[in-house]
Amino acid sequence: MYFSKKFTEFIDIKHCFFSKNGGVSKDIYRSLNCGPGSNDEANNVLDNLEIISKKIDVSKNNLFLMNQTHSNKVVVINENNKNVKRINADAMITQLKNIALSVLTADCVPVLIYDKVNHIVACIHAGWRGALNGVIKNTLDEIISMKKNNKIYAAVGPCIGVDNYEVGKEFYDKFIEENKKNEIFFFHSQKDKFLFDLRRYVNFKIKEFDIEHIENIDLDTYSNKENFFSFRRSRQLGEKDYGRCISTISLLNT
């Protein structure tokens, strides 16, 4: 379990970036696999989600998951849709209390957001595709449109580190096509190969909103195999699937 030092100072929110430890799953999913989209035994995933619910002190019916597709879609959870427990989106926002918004990751970036003035929380699944296509911008735009005088804090969780994120020229070209300045997030590693700094790119997208406080839980999911699932590591090991870690944030009654 990993926490933002700043977020722990606020008495009206609860959050956590969970590791892969402390659950019931076996083999390649060992042990706290929270991904319903994985090929893990469904009952193990449900048991793991119940463990999470107890840890963060919400009922299992109030733990909201997303059906993540690397999109830029943002959904606001309110009275109208609060009974839908698996949201088709890559970011969620709410002002409702005692529900936990969650994001599943295995190398992508989990981002947790808190607007201290307006008591709004959000979670973002920021893989390279979603970040490039505006999921961070869309989330922050939505928060700002909901209420004025925002004081927004961001916590950027564990994700794949730059040293282990080698990409090809086609990948590089997508970012340069969006903005030539994006070349600062790449390091040439070998012929037509680059190392991509996903964490730095996500931070850049958040900083575009002049958010003063951004905290990074700067851990590399690929190299830290004892604590995190990693899509890329699993693929390179020839494993048939991979587990997903969960990160959560909720507003409390205070």
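Guide: I will start with the rings, go on to a strand and a serine, and end with the whole chain.

This is a predicted model, so a local feature needs a pLDDT of at least 70 and a side-chain atom pair counts only at pLDDT 80 or more, while totals for chains, interfaces and linings use all residues. Residues are numbered from 1 along each chain as its sequence is written, and side-chain values use heavy atoms, with hydrogens and water left out.

A search of the whole structure turns up 22 aromatic pairs. Rings of Phe, Tyr and Trp (for Trp, its six-membered ring) pair if their centres lie within 6.5 Å; planes under 30 degrees apart are called stacked, over 60 edge-to-face, and the rest tilted. Take W128 and F175: their ring centres are 6.1 Å apart and their planes meet at 50°, so this pair is tilted. W128 sits in helix α2 (residues 128-133) and F175 in helix α4 (residues 169-178), so the partners come from distant parts of the chain, 47 residues apart. Helices here are DSSP runs of H or I with at least four residues, strands are runs of E with at least two, and both are numbered from the N terminus. W128 counts as buried at 17% relative accessibility, and F175 is buried at 0%. Buried means under 20% relative accessible area, exposed over 50% and partly exposed in between, with a 1.4 Å probe and protein chains only.

Now look at F185 and Y201, whose centres are 5.2 Å apart with planes at 85°, so they meet edge-to-face. F185 lies in the loop between α4 and β11 (186-190) and Y201 in helix α5 (residues 198-207), so the pair ties together parts 16 residues apart in sequence. Both F185 and Y201 are buried. Step back, and ring pairs join W128, Y165, F171, Y172, F175, F185, F186, F194, F196, Y201 and F204 into a cluster.

Next comes strand β9 (residues 152-156): five of its five residues are buried, so the rest of the structure largely encloses it. I152, A154 and V156 point one way, Y153 and A155 the other way, and all are buried. Strands pair if DSSP finds at least two bridges between them. β9 pairs with strand β7 (residues 109-115) in the antiparallel sense over five bridges, with V111 opposite V156. With strand β13 (residues 213-216), β9 pairs in the parallel sense over four bridges, and there I214 is the bridge partner of A154.

Follow the chain past β13 to S230, in the loop between β13 and α6 (231-236). S230 is buried at 0% relative accessibility. Its side chain makes a polar contact with the side chain of D107 at 2.9 Å; such a contact is a pair of N or O atoms within 3.5 Å, where, within protein, one must be able to donate a hydrogen and the other to accept it, and residues adjacent in sequence count only if both atoms are side-chain atoms. The side chain of S230 also reaches the backbone nitrogen of R233 at 3.0 Å.

Finally, the whole chain has six helices and 14 strands. Of its 254 residues, 53% count as buried. Its C-alpha atoms fill a box of roughly 55 × 45 × 30 Å along the principal axes.
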